[in-house]
Structures are given as C-alpha cells and as structure tokens.
Amino acid sequence: MNDTSAPLRHLPATREGDAAKPIKSELLHINMGPQHPSTHGVLRLFITTDGEVVHNVTPYIGYLHRCAEKIAEGNSYHQYIVYTDRMDYLAAMNCNWGYCLAVEELLRAGGMEFEIPEYAEYIRVIIGELNRIASHLIAFGTYGLDIGAMTPFFHALREREAILNIFEKVCGARLMYSYYDIGGVKWDLPDDALEEIKIFLDLFPDKLKEYDELLTGNKIFVERTANVGVVDAATCQDYGCTGPVLRGAGVSWDLRRNDTYSIYDRFDFDIPVGKGLVGTVGDCWDRYWVRMQEMEQSSRIIQQAVERLPARGECMAEMPKNLKAAPGELYTRTESPKGELGFYIVSDGGPVPFRCKTRSPAFHNLHVIVKAGQGQMISDLCATIGSLDLVLGEIDR
Amino acid sequence: MVKLVKDIYETFSTIFKGMGITRRYLGKKPVTQQFPYERWAMPERFRGFVHNDVPRCTACLLCAKACPVDCIYIDVEGKGKERQMTRYAIDYNKCIWCSLCTEPCPTNCITMSHDYDHSVYLRERLVYEFVDEPVVPFKPSKEKKPEPDATGTATPVAGASGGEGGAQA
Amino acid sequence: MTQLLGGMPIMADLPGWAFTLIAMSGVGIILLLSIAVAVMIFSWAERKVAAYIQSRYGPMEVGPWQGTLQPIADGVKFLLKEDIWPTGADKPLWRLAPLLIFTGAFLSYVVIPFGPNFIGAKLDVGLFYIFATSSIVVVGIISAGWGSNNKWALYGAVRGAAQVISYEIPLSLAIMPIVLHVGSLNLGEIITAQRGWFVNWHAFGNWGSHGFAGILSLVSFQISLWIYFISSLAEVNRVPFDLPETESELVSGYHTEYSGMKFAFMMLGEYADVFVVSAIAVTVFLGGWYSGIPVIDRFVPAPLIFVSKSLFLVFVQMWLRWTLPRLRVDQLMHVCWKVLIPITLANLFLYGLLRTALA
C-alpha cells in the first residue's frame, strides 16, 4: 500500500466564484482522559486535532503521585525497599535491585567493606532477567490490545503466570516482592523454583515463535506500526530516552554492557538494535521488535546463569542491624526493562536517607510523544504511546 | 501493480497464519483454574496474613518499629515485674504484606500464614486484635530460637474476625 | 403463512384486509422473536469462542452447562439498568438512534430465504431491498454520535458512517456478476440457480450453466466472494474494521453514552446485521438452502441447511475478530476506494465479457 502514514494535508476549499476562501474550521480540543481503556495507567493527554490529524499533544501526569520520594526521608534504608516495588510495579524486582545497588554503592563509597556472595549475585541476575521477560510480556500484550488484537494479551499473561508462580515460590508474593535486600537477597532459591525456571526456559522459545506468527509479521500490524511514531536518535538524546526506545532508534546503548554492574560481564548476550526492517529506524515496529529480541536474549542470560549457578550458600552479606551511611551523595543506575533507572541518594550520616531521588525511565520516554505525536492521527497516537511502554507508577512515583 | 499483488498476497498469508494459531487454541484445554471450586496449596514461603502467636510474644516492639507503614499497634503498661501487654493489633487496612515484621522477632512468634481470603464489609473489621485481656509478655529462656511455624492461620483471638457473612476464622 | 392460517375456522370468515394483516403480523412476530433469541445465542457464542481462543473458559457460572443461560442474565441486567441521559444530549436524536439501528438490521430479515416456503416476502428486488435497509443503520450511527454530546462518540460515529457508506459500494458491486448471471435480484431465484451438486454453487463457478467456461467464472465469482466477505466485515463494524467502536481509543465509539435497554438494542442490531450479511453470502455464493448433495436435500429440511451454513460464516467472523488487529481509518478508506473498488469493477467488466462471449 502506498504511503498511508504520511500526515494528511488540509486543503483549502475553493468553489466556483470563491476567491480562494478556505472553509472556516476550528481545531478540536479533546481529552484522552485519565481513565483509559488501554491499560497504561492514569495518564491524561490533551490533544488538539484537526479532524483526525493531531496538532499538539500535552501529557498531564500526577494522577498516581504518592509522594514516594518524601516518604523516603522518613523510613530507613531497609524499609524503603518496599516502596521501590511500587514504582514500576511490573518490573518490581528490577526496581528493588536498582535501589539496593544504589545503597550498596553509597555504603562502599562511605568506607564500609562488604562482599555480596556469588550465590546472591547469580540469583539477582536470574530473577532480574525473569522480571525483564515478564515486563516485556505485558508490554507486548497491551500493545496488541492497543492495536486491536485482543488475543496475544491473554497468551502473554499465561506465560507471565508461569513466571509469577516461580516468584511466588521464591519470595512468597506475586507482584510486590521486596525480595532484594541491601547486601544480597532475602531468601535463597528453593529447588522447586529452580526446576520451574528450567521448565519455563524450555517452553518459552516456542511461545515467542507463536507471538511472532500472531502479531509481528501480521500485515495489518505492520501497516499500523511501521513508519509511525518515528523517534530518531537525536530526539532520544535530547529528551533523555533510554531503554528500548533508544535502542529502537538505532543507538546501541545498554547499561548492562556500557556501564556494567553486578556480574553482567560474565554473560554472553547481544544488544538488539532497531534496524528499520519494515519501515524507518526508530518507528513503533522497531521498538516492539527490540522488546521481542530482548526477551530472547534474557532467556539466554538466564540459561547461562542457571548452568553456572554456584552451590547453595549465603544469600546475604553481613550487614549491621541499623544501617547508617556516611555523609555523601551518589547516583547509581541500572538497566530496568523500561530503560535507565537511577537512584540518587543523599545521606547525612543518619539512619534515614536525607533525599532519595528516582530517575524514572518512563518519565523521559513519555515526553517524546510531544514531538512524535505531531502530525499523526489519533490511532497512531495510541500506537506510539503503547510502544513507549509507560508505567504511570514509575512516572508519578 | 506488482506491489499491489505482493501486498495482497502478504496480507492473506499472514492473516491465515494467524488464524491457524487461533484455530489450534480452539481445541486446547484452557489454562484457567476455576477459582472457588479449585484451589492450589500455597507455596511454603507464601506471604499471607500475618499471625502472631501471643503466648510467645515478648512485647519487644521490634515488629512495630520495623513496619514501614506502622500498622502494628502495641500497648504496653507498667514496668519491670508488672509489665503487661494490653493491646496487640495489626491493621490490615495498612498492611502491605512485606514480611519486614517477621525478620527482627526474637522468638519467631510473628509469622506469615497462608491465608489470603479475609474480605470484609466494614473497614473496622480489618483491624485484627490479638489480645483481649492484658497478658504478661513471654520471657524467653536461653534455648535456641524456635523455627517459625508457617502453617498457622491468622486467627485473631477475639473481636474483628471477619465481617458479616465474611471470611473464615 | 397464509396457508397455515387459512386452515383455521375463524380466519376464513374475516374480510381480506384483516386476514392479510393478521398473517403479516404473525410472520413478523415469529421472525422478531426467533431472531432475538438467535442474537442472544450469538452473544454467548462470541464470548465462548473468544474465551477458548484466549486459553480460558468464558461464561461458566450461569446455567447448567458452560454458562448457557448467561445471555438471559445479561438480558435481565439490561432491563434493570438505570437509563442514563448525558447532559446536553440532543434528546430526540439520542433516543432515535437505537431504534434506527435496530430497525435497519431487522428489516432485512423479511427477505432472507430460509427455505423455499420460508421467505417472509418474495420480493423481486430482494437484494436491492437489503442494501437499502442496511443504509438506515448509518443514520442511526450518526444520530447516536451527535446526540451523545461527546466528542469521542462523534469521532466514532463519523468514522462509522464513512466506513459503512464506503464499503457498500464494493459490497454491491461484488454481487453484480452473480446478478448478471442469474438475471434477477430475487433471492429465491438466485438460490434456485444453484440447485444440484455443489459445483453449481456460485462460489465454485456454477459449472452447470457455464460448461467449460466454468474455470473463468470460478475465478470471477471467487474474487466476488472474498471481496463480499471483506466488505461485509466493514459493513457490520467487525474487526479488522471496528474502528468506530474501538476499545482502546474511543471507549465505545458511538455507543459510549448508552446504557440499559438502549445499548441492548444497539447490540442486538449489530449481531442481527452479522447474521444478515452471512445469510446473504450463503444465499448468493454458497448455495442457499441446497446442501450440494441432492440426496441430502430430500431428507434434511431446507431452513436447517441454510441456517447452519450461515452460522458457520458467523463463526468465521468471530474467529477473525479475535485474531486480527484493526486497521486505521485512512488505511480502511484506502483499502476500499483504491483496492476493492477497482478490483470489483474490473471483475464485473471481465465477467460481462465472458457472458457476451458465451452468448
């Protein structure tokens, strides 16, 4: 089909006798309100359109603001872990990990010496990557819903249930884990959970193939998402986008490779980068494709980690009961499924942090819609928002 | 013209492939568990409602201090030999089931049970009182800390035990 | 119907007009009731088909087996719901919309040929009548969207109206080769042209009357069938053309502001329309009430064959709904005007050439 995604131009109407007088028309101000059927959370988009073509998009956030950063100033380092779960609730383990890593780096910078056990590091990687797969499954499922294919959502949730069952065996909860702790993880990996992880790794590649047949190659899906919502590398850098949005734009930047933390340097995995296979580089299809590839790479990492898992041992370093960090401030970043999750912790020597700021990846990814949304149609706007994979809990904290 | 024919071919072939997958699913057994009639046993580490085994509680207040949302209400009166615990309540309106309270307990009397269905009709009923008359706190001997009992149910002693027509306990 | 009533003792004494009136109302009531029940069954079937495709069960609680009484529970729910009026709604338009949508869909049932003696009215312009009455639905859609005083409903309504009127063109053009072949718009005659073995079905080229040129008519009629099927999906707002009622963008498009019985009417109208377009496809292309094997035709009642074929097509529509994503509005229009219409026009022209060559 020829270029159906170019923005339509508004032609001035002329009739016989009219001296080139355009028809009087107004722009329509419409509100894609906080309550949405598409499951992004409570995001309000104020759109100014001319018929179907969008002229301006303004996102309004704050409907899910729960003062998490202020609460951090009243809770000890150990108690704040449960609040980090609730920021990006779909990838809670990765948020926990980001925060724990930040506190550990702060403690090390202040002079405290401790060693996180090998066993705990391997568990951290396995569980973190499993959660990456779970988060990308939701992104894939809800993206299908936005585009109109309602079936892949249920299939993705079925796979996610397998992962959540594993997490339930490991830490007892299905969504708000608070499993990682400062110095390691709270409990070790039980044997039945390890067996389930192996079973999951066996059946997952077939499911990925099924998703590809159902959605990725589907011509209608390709028509809806190729050449739509193009965000090029320069715009990404201007807005500070990271994660699949940046990698979809062609930039190979992944903190697990470029700014390695934990034991990621021991694993062999690729960084998928958008190449514009069915459209332009940086369109919605590329971001979607990057997420599908990342799921495959994550299962590779988990496979390697499970094979090299050391014998069961200590899962937590020796930490003092009342943790006090030396005065100072440090910013530490990790690669969460949505992008670069950073924690900037300022300590004044007491048992509670003085300030704990979270750099949330979805916050920066969201604002790209202001640039990418202009000139598109409303349906394209929905497609673009879906491809950015937003979680309002993280944006609003 | 050639592009049109190619596009039409691609459209139909990808649609048929997708339809093949959904057709296969029509014959498979669904994965849903019919909840009220079929239930799973929870895994060992499941974090259900918090249960406090009051006879073993030393009223050290460590669980209340560890709670991030301050949902454990403990009232202790008197000093020394007359020390008595008059109230031990957990407010499940606030509890987030994080199990941070189970970590510092010296006698492992506070544990996470495997209960999960305690819905009520009134919010006040969600404040579970574990003590109905003042108790003398437990004095632990020098023996080893007992292992937590993970199969206990969250059965409060008196008061708010569910709503009308509500939960078990 | 007249034969049935003529046998009754009282009826024969009534004057002519009263008799006709009672006969007609009898037919009307029977049709209405049976279609209402059928539509309720479709809504159950849609939920079950959707559920099994998505690896889950669907309605299971209500009713003795697999939630079969669920539509009754839904019906009771619709009756008991509060009728909410949006502020600032254009009341006459808003009230009129469900009636128009419902009427437009149900009026088409009068000419659907369930069997040789089971046609409501044997109109000579049957096919044309159906296209005419399905256009009433467009007026209903627009008044629903405008009368709701809701920008999103207006979007849905405008898209819906554009889509329905655009796709009526390939819909009717696709059927033209068949009409050219049969020589009549009467649905009963179109079916009788397909009697005999199933190679006589129009979908397979009607070899009986084309002889060896059956290959060419097969190709031509197959193209018609596929284009008819795609356009019919667009006519009834089913995926992949369900932009007027998308859930992710427009909440419910033009039915957003409706609740209770008004919404039930619109839903009934939509499912009724689904059956109508499937029935027309069966009539025109798939042999109508002939099963394709003459032996079976003598024993199995004609309406049963007709209805089961239509139900199969309805099932295919449901299957497509849960597999495919939806098209964007301008892509939808592009497909209609730049792909389907040229193909149908070319098809009509070539079939005309074939007929002149044969004659």
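Author: Happy to. In this predicted model, the C-alpha centres of domain 1 and domain 2 of chain C are 21 Å apart. The domain assignment places domain 1 at residues 1–80 and domain 2 at residues 91–358. Where the two meet, 15 residues of domain 1 of chain C are in contact with 17 residues of domain 2 of chain C. On the domain 1 side, helix H2 (16–53) and helix H3 (70–80) of chain C each supply at least two of the touching residues. H2(C) has the largest share of that side, with 13 residues. By class, this side of domain 1 has 13 nonpolar residues, one polar residue and one charged residue. As a general background to such a makeup, nonpolar side chains in soluble globular proteins tend to be buried together.

Before going further into the chain, a word on confidence. Chain C averages a pLDDT of 83, and 93% of the residues score at least 70. For the model as a whole, the scores are ipTM 0.83 and pTM 0.87.

Now to the inside. The largest nonpolar core holds 223 residues, and those touching the most other members are A:Val103, A:Ile123, A:Ile126, A:Leu390, C:Ile101, C:Val276 and C:Ala281. Helix H12 (residues 261–285) of chain C contributes the largest share of this core, 17 residues. Domain 1 (1–80) and domain 2 (91–358) of chain C each give at least three residues to this core. One of the members listed above, C:Val276, is worth a look on your screen. Leaving out residues up to four places away in sequence, C:Val276 touches C:Ala105, C:Ser108, C:Tyr109 and C:Ile112.

C:Ile191 counts as buried because 26 C-beta neighbours lie inside 10 Å, and the cut-off for buried is 20 or more. With residues up to four places away in sequence left out, C:Ile191 touches C:Pro113, C:Thr283, C:Gly288, C:Trp289 and C:Tyr290. For a sense of distance, C:Ile191 and C:Val307 are 116 residues apart along the chain, and their C-alpha atoms are separated by 14 Å.

Between chains C and A, 23 residues of chain C are in contact with 27 residues of chain A. On the chain C side, helix H11 (247–250) and helix H15 (329–358) each supply at least two residues. H15(C) gives the largest share of that side, four residues. The side of chain C that touches chain A has nine nonpolar, seven polar and seven charged residues.

Chain A itself has 15 helices and eight strands. Its radius of gyration is 23 Å, which agrees with the value near 21 Å that a compact globule of 397 residues would have. Along the principal axes, the C-alpha atoms of chain A fill a box of roughly 90 × 50 × 35 Å. Of the 397 residues of chain A, 51% count as buried. Among contacts in chain A between residues at least 6 apart in sequence, 71% join residues at least 24 apart.

Chain A is also touched by chain B: 19 residues of chain B are in contact with 20 residues of chain A. Helix H1 (residues 2–27) of chain B gives the most to the chain B side of this contact, with eight residues. By class, that side divides into 10 nonpolar, four polar and five charged residues. Chain B has two helices and five strands, and from the N terminus on its elements run α-β-α-β-β-β-β. Of the 169 residues of chain B, 23% count as buried. Residues 24 or more positions apart make up 81% of the contacts in chain B with a separation of 6 or more.

Note on methods:
Residues numbered from 1 in each chain as written. Chains lettered and ligands numbered in written order. Predicted model: local features only at pLDDT ≥ 70, side-chain atom pairs only at ≥ 80, totals over all residues. Contact = placed C-beta atoms within 7 Å. Nonpolar A, V, L, I, M, F, W, Y, C, P; charged D, E, K, R; others polar. pLDDT = per-residue confidence, 0-100. Rg over C-alpha atoms; globule rule 2.2 N^0.38 Å. Buried ≥ 20, exposed ≤ 12 C-beta atoms within 10 Å, placed from the backbone. Core = buried A, V, L, I, M, F, W, Y, C linked by C-beta atoms within 7 Å. Domains from an automatic or database assignment.
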